[in-house]
Amino acid sequence: MTGAEAEKQRLVSIRCFCMGRTEEIPAHAFVDTTGDAILAKLAGLPVHEGNAEESMTKTVLFKVTGVKNFDKVLLREKFARLCIEKKFPFPEQDLFMGCQLGNTDEVLLNLSQIAGNALDREELTRMDVALREQVFVILKWLQKNFSEFAECRLAGIAPKIGIRAGRTIDAETMITCADLLQNTPVEEPVALGRRRFGGHGIYRFCNPWDREISGWRGIPYGALKARGVNNLLAGGRAIGAEIQALSAIRMMPCCMATGHAAGAAAALSVPAGVLPPYADLRKCLLKQNAILT
């Protein structure tokens with residue numbers, strides 16, 4: 001996607017470059033699921049960007065085989081002790097994150113860590129290279145310090161690094177940390193999000209604003225609607241939310257649920273060309289077994 005045209009409070013079309021050609025695609029409504037509100041940005045709409053700390057750490061997943069007697073609880077305890085003694089090569093990481101893949105000797109690990117601006121292409125490249133280099137350092141460290149990993153070998157590295165937060169739309173209704181703390185009532189829920197926020201800090205696992213709050217809170221219809229036009233919705237982690245609050249809605253189940261709601265609303269906008277009232281969207285979502293409360 002290379003551009004977008006908006007006029008009279010409507011998004012008219014987007015431009016895409018594919019197979020050597022530029023295509024212009026008009027539509028009644030559009031859904032931005034780029035993760036970084038790229039469509040809203042190209043359309044010249046207001047957006048929100050966080051600083052490096054607010055946008056959380058960047059990591060790359062990698063998989064190893066040949067792991068023996070994997071016990072996550074014991075590994076976390078030993079890893080925490082070694083981190084306190086500053087023996088892990090990357091001191092900002094202080095939580096063992098790994099999971100056994102079924103009943104196998106394969107383990108998926110998330111132990112790399114780096115800070116930077118994922119909205120800048122040069123920064124993104126720098127972080128990608130550095131994180132892949134970290135994998136080999138971490139692998140040798142695990143083989144040396146944990147008997148479970150003594151004979152393990154690298155099986156694969158993820159094709160893309162993990163970006164937890166970048167840019168969000170300026171929505172009709174913004175999800176804020178205060179909303180999550182106070183459990184502010186939601187009149188037009190289209191999905192469910194968590195109330196906890198603040199994980200994956202860049203200096204330690206949890207950010208200074210980390211809040212461990214149990215339970216769920218509805219995601220409002222207004223958080224999916226971009227301010228400034230009347231036919232652009234967002235789904236996934238680009239919906240309207242404070243960057244510090246993104247941990248509450250950025251996980252895959254929430255992204256799938258908001259994507260479902262945005263897609264349904266876009267479909268219901270045809271042929272009238274305006275987004276549907278909440279009552280119509282709610283009826284559609286419930287018919288499709290969406291969980292709203």
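Guide: Serine 55 sits in the loop that runs between strand E5 (47-49) and strand E6 (62-65). The model is predicted. Is serine 55 buried or exposed? Its relative accessibility is 5%, so serine 55 counts as buried, the cut-off being under 20%.

Now the polar partners. The side chain of serine 55 reaches the backbone oxygen of alanine 52 at 3.0 Å. A polar contact, at 3.0 Å, also links the side chain of serine 55 to the side chain of lysine 58. Next, the contacts beyond the local stretch of sequence. Leaving out residues up to four places away in sequence, serine 55 touches Gly116, Arg164, Ala165 and Ile243.

The volume of the largest pocket is about 1,300 Å³. By class they divide into 18 nonpolar, 9 polar and 14 charged. Several elements each supply at least two residues of this lining. The helices are H1 (38-42), H2 (72-84) and H3 (121-145). The strands are E7 (98-100), E8 (107-109) and E12 (197-199).

The second largest pocket holds about 170 Å³ of space. Strand E11 (189-194) and helix H5 (252-268) are the elements that give two or more residues to its lining. H5 gives the most, with 5 residues. Which residues line the second largest pocket? Among them are Val190, Ala191, Leu192, Trp216, Pro253, Cys254 and Met256. Ala257, His260, Ala290 and Ile291 also line this pocket. By class, the lining has 10 nonpolar residues, 1 polar residue and no charged ones.

Last, the whole chain. The protein chain has 6 helices and 15 strands. Its C-alpha trace spans about 65 × 50 × 35 Å along the principal axes. Among contacts with a separation of 6 or more, 69% join residues 24 or more positions apart.

Note on methods
Residues numbered from 1 in each chain as written. Predicted model: local features only at pLDDT ≥ 70, side-chain atom pairs only at ≥ 80, totals over all residues. Heavy atoms only, no water. 1 Å grid on protein atoms, 1.4 Å probe; cavity = no way out; pocket = protein on both sides within 12 Å on 5 of 7 lines; lining within 4 Å. Points joined across faces, edges and corners; volume = space filled by probe spheres on them. Helix = DSSP H or I, 4+ residues; strand = E, 2+ residues; numbered from the N terminus. Nonpolar A, V, L, I, M, F, W, Y, C, P; charged D, E, K, R; others polar. Buried < 20%, exposed > 50% of the residue type's maximum accessible area, 1.4 Å probe, protein only. Polar contact = N/O pair within 3.5 Å; in protein donor to acceptor, adjacent residues only side chain to side chain. Contact = heavy atoms within 4.5 Å.
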